[in-house]
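Take a moment to look over the sequence and the 3D model. This report walks through a few of its features.

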Amino acid sequence: MSYAPSPAAALHWPTAAGRILAGAALLGAVAALPWLSGADPARTVLRARSADQNPTPAELDAVRRQLGLDDGPFAHLTHWLGGLPRGDAGVSWVSGEPVMPQVATALSVSLTLMLGALAVTAVVAALVCARTVLLGSRRRLRKERAGGPAAVLAALPKFLLASVLATVCGVWWGWFPSSGWDGPQSMVLPSLALGVPSGAMLGGLLDQALPAAFHEPWARTAWAVGMPPGRIARDAVRRTLPGMLPQVLPTVVALVGGAVAVEKIFNIPGLGRLALEAAVAQDLPVLQTATLALILLGVTAGALIRASRHALLGGPLRAGALPTLHRPPLTVPRSARGTAAVCALALLALVTAGLLRDPLQVDTAARLLAPSPAHPLGTDALGRDLLARLGHGALRTAGVALAVTAVSALAGLLLGMAPRASAGPTEVVSTLPAVLAGLLIAGVTGPSVWGAACAVCAVGWSPYAAQTAALLEQERASGHLAASVALGAGRPHLLRRHLLPAVVPPLLRNALLRLPTTVLVLASLGFLGLGEQPPTAEWGRLLSENQPYAELAPWTVLAPAAALVLLSVLAVTGSALGAPGRRKGARPAGQGASSTP
């Protein structure tokens, strides 16, 4: 492990090799999907073509000969790769139409939607951290923010928010189209559904990093000499953006390939929806081409983000004179402790009351009942008590989500410690939707909750690896690290005293902010039959299976959504209360040198 800074513009061969190997492995896994699934690819394709549930052996043999299924997956992959230089991605196994125009059209729709969602993301992120920017630029930042509002918005399920927007703003009020893709007005509601939770998450991360920038010596000097607050705010944002930019990559790709639920609700012909439908129908040429488009998008976005980071950090990064950001010892407001206590008590009351009831009792005469003394949270479409299902699903939901988050964060930390080798795989894996990973893993292990957990872990480590690599790059370019090396400090000392303390706290805050998202991804896999199976009570699955009744019986989705929000707020406020920077009287190390952005 080398601690010397490297030139920002240098192209390292491990990164390029990692992109190629990871991309090849992903395309190879996608090519083997029809054979990994255990189902007859010919039967699946024929069912997608004609909805024939009982094809004859002769019909199946004809499909196998037509598609050359007996040749195996890698013969198909080689043939498909050979046509790409000519712009030929083959024809769809289901429709018989050329693949390239389908993917190009879907990609253009998804990119347009992504731009709209990114605009919403930027606005929401700016609103989340506006208070910190305003107070910090005027030297009035005294109290720690618990991050409750950002946690609430980040915990909103995108498909639930999309359903509410489509119903209220599209159907009831008629402000914008609730379905279809016809003109700029069609992208308003889906952009809001995708951008609000993403903006809250990114804004929360930026809001947690800004106090450290405002506490640096250059900020105090700038205020003392009369620099305008707007200039100080701009330089502080510029100082903290490089550490947050790596989180934009998975957000960008998720807005394209992971927006399947929102695209289905608004009937948008995007790339994520096309890839999912192709995976379910085992339409291999379409799925391979869509996956390649996502890989190229991820690699391009990753290169642009790295270039932006190096441009923002500038000369100090190249010269090894970049001061480390340390969070100042701010006072924790009483409201944060009160918020954490209220959330904890509310969750404890929900779980305790729910455990005393039967979550599996079906009463068809009590379908979709509103909240009442007999059923405090109402009933679902089968007449089952929602309070009972919430209580019994709490431990399983929180336990699996915490385990997945912990494994993903640990894997991201370890891989991010070797940034040159992991940069390529990080960019490629971040392009893989969790649903597609679930299909690949379920083909090997079969549908189960642990198979779904493995699928989320397989793609969930990439944001943490990107964050770790970015923070390490900045820490290695700091002056105090170079001084430690000059004084003879060894690698274990540097790792224990400098690198890990600079990386782990932001990584933990990121993991806690992403916890509700992990629950919802696990729920989406269960909804597709790849994860938790009914009638198991699990919060994310409650949201998925009750989403069709959101307009008729809104309490069926409000209860699990509220539980997720409480869990998210508790996690974020708990991290704020337990952060090491909250210890009064402790002066953060490494703040004796001044710097200018």
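**The whole protein**

This is a predicted model. The protein has 597 residues, and 54% of them count as buried. What is the secondary structure made of? It comes to 27 helices and zero strands. Now take the contacts between residues at least 6 apart in sequence: 77% of these join residues at least 24 apart.

How many disulfides does the structure hold? It holds zero. A disulfide is a covalent bond between the sulfur atoms of two cysteines. Two cysteines can still be described by their accessibility. Cys 129 has a relative accessible area of 5%, so it is buried. Cys 343 has 6% relative accessibility, so it counts as buried.

**Two helix pairs**

Two packed helices are described by the angle between their axes and the distance between the axes. Here are two pairs from this model.

| Helix pair | Angle | Axis distance |
|---|---|---|
| α9 (residues 158-172) and α10 (residues 188-214) | about 140 degrees | 9 Å |
| α11 (residues 217-224) and α12 (residues 229-244) | about 170 degrees | 10 Å |

Start with the pair α9 and α10, which pack at an angle of about 140 degrees. That angle makes α9 oblique to α10. The crossing of α9 past α10 is right-handed. On the α9 side, the contact is made by Lys 158, Leu 161, Ala 162, Leu 165, Ala 166, Cys 169 and Gly 170. On the α10 side, the residues are Leu 189, Leu 192, Ala 193, Leu 194, Val 196, Pro 197 and Ser 198. What kinds of residue make this contact? Eleven are nonpolar, two are polar and one is charged.

Now turn to α11 and α12, which pack at an angle of about 170 degrees. Why do they count as roughly antiparallel? Angles over 145 degrees are classed that way, so α11 and α12 are roughly antiparallel to each other. From α11, Trp 218, Ala 222 and Trp 223 take part in the contact. They meet Pro 229, Ile 232, Asp 235 and Ala 236 of α12. This contact has six nonpolar residues, no polar ones and one charged.

Thr 468 sits in helix α23 (residues 462-476). Is Thr 468 buried or exposed? Its relative accessible area is 0%, so Thr 468 is buried. Which residues does Thr 468 touch, leaving aside neighbours within four places in sequence? They are Gly 412, Leu 413, Gly 416, Met 417, Val 503 and Leu 507.

Arg 65 lies in helix α4 (residues 57-67). Its relative accessibility is 62%, so Arg 65 counts as exposed. Arg 65 and Ala 42 are 23 residues apart in sequence. In space, they are 9.5 Å apart, C-alpha to C-alpha.

Most residues other than glycine have a negative phi. Two residues here go the other way.

Asn 267 is not a glycine, yet it has a positive phi of about 55 degrees. Where is Asn 267 found? It is in the loop between α14 (260-265) and α15 (271-281). With 38% relative accessibility, Asn 267 counts as partly exposed.

Leu 368 is not a glycine either, and its phi is positive at about 55 degrees. Leu 368 is found in the loop between α18 (334-355) and α19 (386-416). At 15% relative accessibility, Leu 368 counts as buried.

Methods
Residues numbered from 1 in each chain as written. Predicted model: local features only at pLDDT ≥ 70, side-chain atom pairs only at ≥ 80, totals over all residues. Heavy atoms only, no water. Disulfide = S-S within 2.5 Å. Buried < 20%, exposed > 50% of the residue type's maximum accessible area, 1.4 Å probe, protein only. Axes fitted to C-alpha atoms, helices over the stretch in contact; angles between N-to-C directions. Helix = DSSP H or I, 4+ residues; strand = E, 2+ residues; numbered from the N terminus. Parallel < 35°, antiparallel > 145°, perpendicular 65-115°, else oblique. Left-handed = near helix turned anticlockwise from the far one by under 90°. Contact = heavy atoms within 4.5 Å. Nonpolar A, V, L, I, M, F, W, Y, C, P; charged D, E, K, R; others polar.
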